[in-house]
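Here is a walk through one protein model, from a single residue out to the whole fold and back again. Please keep the viewer open and follow along.

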Amino acid sequence: MSGIEDTALHRVITVEAYVSGKVQGVGFRACVRNIAAGLSLTGIVQNLDDGRVFFAATGDSASIDKLISSLHECPRAIVKNIDAKEVPLRNFEGFNIVRIP
């Protein structure tokens, strides 16, 4: 791999994603947090009122790609769609589940 490609793969980015399917009430947020923490990503994950789950993750682009591709492996969850896009860089402390009252 050339130095240019290697640098592109390890560029630090933030991605926001909306995940639909059977993703609430099945431990999906904890699964996302565990995968993300294992990949040294920071961010947040939370349920939305419309039944989807939202997450924002910051880290190297290769690790974020791995997080997104691993979401289908969360037990009991049925991921139907992942709508992810890169957004301006955000800083987070750890990777946390946000609970909305």
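Lysine 22 sits in strand β1; helices (H or I, at least four residues) and strands (E, at least two) are DSSP runs, numbered from the N terminus. Before going further, note that this is a predicted model, in which local features need pLDDT of at least 70 and side-chain atom pairs count only at pLDDT 80 or more, while totals for chains, interfaces and linings use all residues. Residues are numbered from 1 along each chain as its sequence is written, and side-chain values use heavy atoms, with hydrogens and water left out.

Leaving aside residues up to four places away in sequence, lysine 22 touches Arg76, Ala77 and Ile78, where contact means heavy atoms within 4.5 Å. Arginine 52 is 30 residues from lysine 22 in sequence, yet their C-alpha atoms are 8.3 Å apart in space.

Now zoom out. The protein has three helices and five strands, and along the sequence they follow the pattern α-β-α-β-β-α-β-β. Its radius of gyration is 13 Å, close to the 13 Å that the globule rule gives for 101 residues, so the protein is as compact as a globular protein of that length. That radius is taken over C-alpha atoms, and the globule rule is 2.2 Å times the number of residues to the power 0.38. Along the principal axes, the C-alpha atoms fill a box of roughly 45 × 25 × 20 Å. Buried residues make up 42% of the 101 residues. Of the contacts with a separation of 6 or more, 78% are between residues 24 or more positions apart.

How are the strands arranged? The five form an open sheet in the order β4-β1-β3-β2-β5, with mixed pairing; two strands pair if DSSP finds at least two bridges between them. At the edges are β4 and β5 (95–98), each of which pairs on one side only. From one strand to the next, the twist averages 20 degrees; axes are lines fitted to C-alpha atoms, for helices over the stretch in contact, and angles run from 0 to 180 degrees between N-to-C directions.

Strand β2 (residues 42–47) pairs with β5 in the parallel sense over four bridges. Isoleucine 44 stands opposite asparagine 96 in β5, and glutamine 46 stands opposite valine 98. In a regular strand the side chains alternate between the two faces of the sheet. In β5, Phe95 and Ile97 make up a covered face, while Asn96 and Val98 make up an uncovered one.

Helix α2 lies across β1 (12–22), β2, β3 (53–60), β4 and β5, running at about 170 degrees to β5. Helix α3 lies across β1, β3 and β4, at about 150 degrees to β3. The buried residues of α3 (residues 61–70) are Ser61, Ser63, Ile64, Leu67, Ile68 and Ser70. An α-helix has 3.6 residues a turn, so residues three or four places apart point the same way. Aspartate 60 caps the N-terminal end of α3, with a side-chain oxygen 3.2 Å from the backbone nitrogen of alanine 62.

Threonine 58 belongs to strand β3 and is buried, with a relative accessible area of 7%. Among the residues it touches, beyond those up to four places away in sequence, are Val12, Leu41, Ile64, Leu89 and Phe92. The side chains of threonine 58 and threonine 14 are joined by a polar contact of 2.6 Å. A polar contact is a pair of N or O atoms within 3.5 Å; within protein, one must be able to donate a hydrogen and the other to accept it, and residues adjacent in sequence count only if both atoms are side-chain atoms.

A search of the whole structure finds one disulfide, meaning a pair of cysteine sulfur atoms within 2.5 Å. It joins cysteine 31 to cysteine 74, S to S 2.1 Å, and is left-handed, with -90 degrees about the S-S bond. Cysteine 31 lies in helix α2 (residues 28–38) and cysteine 74 in the loop between α3 and β4 (78–87), so the pair ties together parts that are 43 residues apart in sequence. Cysteine 31 is buried at 15% relative accessible area, and cysteine 74 is buried at 3%.

Technical notes. Buried means under 20% relative accessible area, exposed over 50%, partly exposed in between (1.4 Å probe, protein chains only).
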